[in-house]
Amino acid sequence: MQVSSLNEVKIYSLSAGRSLPEWLSDRKKRALQKKDVDIRRRIELIQDFEMPTVSTKIKVSRDGQYIMAVGTYKPRIRCFDTYQLSQKFERCLDSEVVTFEILSDDYSKIVFLQCGRFVEFHSQHGHYYKTRIPKFGRDFSYHYPSCDLYFVGASSEVYRLNLEQGRFLNSLQTDASESNACDINPVHFLFAMGTAEGKVECWDPRTRNRVGLLDCALSSVTADTEIDGLPSVSALKFDGALNMAVGTSTGQVLLYDLRSSNPLIVKDHHYGLPIKSIQFQHQLDLIISADCRIIKMWNKDTGKIFTSMEPEYGINDVCLYPNSGMLMTANEAPKMSIYYIPVLGPAPKWCSFLDNLTEELEENPETTVYDDYKFVTRQDLENLGLAHLIGSSLLRAYMHGFFMDIRLYHKAKMMANPFAYEEYRREKIRQKIEETRAQRVQLKKLPKVNKELALKLIEEEGEEQQVTRKRKQKNLPSLLKDDRFKVMFENPDFQVDEQSEEFRLLNPLVSKISEKRKRKLKLLEELEAQEQEEEEEPEGRASDAESSESSDDEKGWVEEVRKQRKLLRQEEKVKRQERFKEDQQTSLKPQFFEIKEGEEFRSFKDSAKKQKLMKKTLGDRLKLEEKLGTLDVCDTTVGSKQATFKLKKSEQQKKQQEAEKQHRQERKTLRRSASHLKSQRGRGRPFH
């Protein structure tokens, strides 16, 4: 369990920690829990509270007993029973779910809006009925008095499906091209829908007439906000009879009183991301708004931030458990997150032990590092002349240094360095001079290593920028600014050798292009040396010459490859002649070697082989012995290895073995000839 604190509001993440794989057996899970401390200390509030890959929506039934979540892949719904703290059932669907609604108090009646224009109804036993709407839907709401479902989506019409009669009714014709979100007021049942043009249309379901229009796109633009396009409505939520919160695609949340066309508060998330979910917390008068990156809680009267959370993964939906301080999120990850914030309210009755757990954690708080302390090392203390304070109460040892009071640190620094203001002044003057220099004409500074490659990349980048401007595409990141390839232009070991055989054969046309680039490189070096402010374009070939070269690339490539091969052969021939001359000029002198006591001189080759063998590692020597047949390594049944060594035979033993082998062969031939003679005599044949 992780604990974070912002604005003195403690947030307990109950889903933090490692999760065990589903395919592990119960025995292996118990063994892992015994061994691993992190797994043993984790809190698994609801067993297997996760999806295979991604969870998209999460809701709580009205009786508070069931938590339902939809996700992928494959598209499915999972129902979790809070009384049993485990999963109740799982149902797979034909297509991904856009959103869903629980019509009953428990899980017995559920409606799913799917991405394939399908509307699917589920009862307690499972799938019940499936129908289709004319256009792709994005959201829907249920009108309880008339049993009507209102669907909004990629159409100007709002489709109505009556569940009592089991048929579609006349749709509502709106002025919008498309609609993204909708909601029905729980008090007077006013139907509101957010459009792609950034407007909210309010309709009366009784008369089926539009009763109001709010321009949220115009109201969301303030002096501090920066927008690229027209904001559209991405989220909508009613609170009571008169309040309504609207979320835009540019990251603003607008709180309205239905009696006024101007918003009471405009809250900006400052991320420019669409608002995914809006919830109301009535105990503290808070609004919980979330985009895919952050969840913000702020006061609906003043707009002051209460607290915020930034999960590790992207947020798809937020669900606040009723009358409690528990918050659940559907994420772009398999595990669904559960947060407990004691300030918002008590823990639900099915996990009341959380209150006792958090109280114990608050009674024994962990040591924290405060802002009024400064961390210093022993070297810093010696520079400040405070090394004599080590061991006193003014310094507190921590890791490889000490904590000391920030006021004492500032006083000691002022005494040790009285000219700090002069240094600060000099630094400011230097910064001002650099700012003025930046306004001058900047020369292209090339790296020390691989200058020609860097110049080639700069030229290609300029050409790509021109193409992307014409096509209005995004610019790709530069290779020179990428940290992964930084060493290539700093370390001399990565210098490209253009005279190598591989480079010349793989890049036969480089020589023609590199001539032009070398001229440009020479001009740039001259400009850097003279520190001129005006850049001169290097002279090159005419454009028609370049086009003629590029017209028959294949022919030029073949000719250049042949030319490079001829040059390589000539260079090899010259090198061979030079080596031959050097060998003739060198006079061989006799070299004398001393033999150690107890050793017998055989040949120079044996000593050289022995030296090479001694330089090799033990593993390499064992492999060599195994190849020669003097070592045999095999695995035993226990799991260990067994090695058998054979002693090397001397030259005398080898000669003796060869003589014995030859003697045995001669005896075999004599025996064979004797047996042949006997067989011929037995048949009565004369012997010649």
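Q: Which residues gather in a patch of positive charge on the surface?
A: Remember that this is a predicted model. The positive patch on the surface brings together Lys612, Lys615, Lys616, Lys623 and Lys627.

Q: Which helices each supply at least two residues of the positive patch?
A: Look at α13 (604-615) and α14 (618-628). Each of these helices gives the patch at least two residues. Lysine 612, for one, sits in helix α13.

Q: Is lysine 612 buried or exposed?
A: Go by relative accessibility: over 50% is exposed. Lysine 612 has 61%, so lysine 612 counts as exposed.

Q: Which residues form a patch of negative charge on the surface?
A: Four names to select: Asp497, Glu501, Glu502 and Glu572. Aspartate 497 is placed in a loop, between α8 (451-471) and α9 (501-506).

Q: Why does aspartate 497 count as partly exposed?
A: Partly exposed is the class between buried, under 20%, and exposed, over 50%. Aspartate 497 is partly exposed because its relative accessibility is 47%.

Q: Now the inside. Where does glutamate 120 lie?
A: Go to strand β9, residues 118-122. Glutamate 120 is part of that strand, and glutamate 120 is buried.

Q: What joins the side chains of glutamate 120 and histidine 122?
A: A polar contact of 2.8 Å.

Definitions and conventions: Residues numbered from 1 in each chain as written. Predicted model: local features only at pLDDT ≥ 70, side-chain atom pairs only at ≥ 80, totals over all residues. Heavy atoms only, no water. Patch = residues over 30% accessible without salt bridge, like charges linked within 9 Å, V, L, I, M, F, W, Y side chains within 5 Å. Areas by Shrake-Rupley, 256 points an atom, 1.4 Å probe, with all protein chains shown as cover. Salt bridge = Lys/Arg side-chain N within 4 Å of Asp/Glu carboxyl O. Lys, Arg positive; Asp, Glu negative; His and termini not counted. Charge placed at Lys NZ, Arg CZ, Asp CG, Glu CD. Helix = DSSP H or I, 4+ residues; strand = E, 2+ residues; numbered from the N terminus. Buried < 20%, exposed > 50% of the residue type's maximum accessible area, 1.4 Å probe, protein only. Polar contact = N/O pair within 3.5 Å; in protein donor to acceptor, adjacent residues only side chain to side chain.
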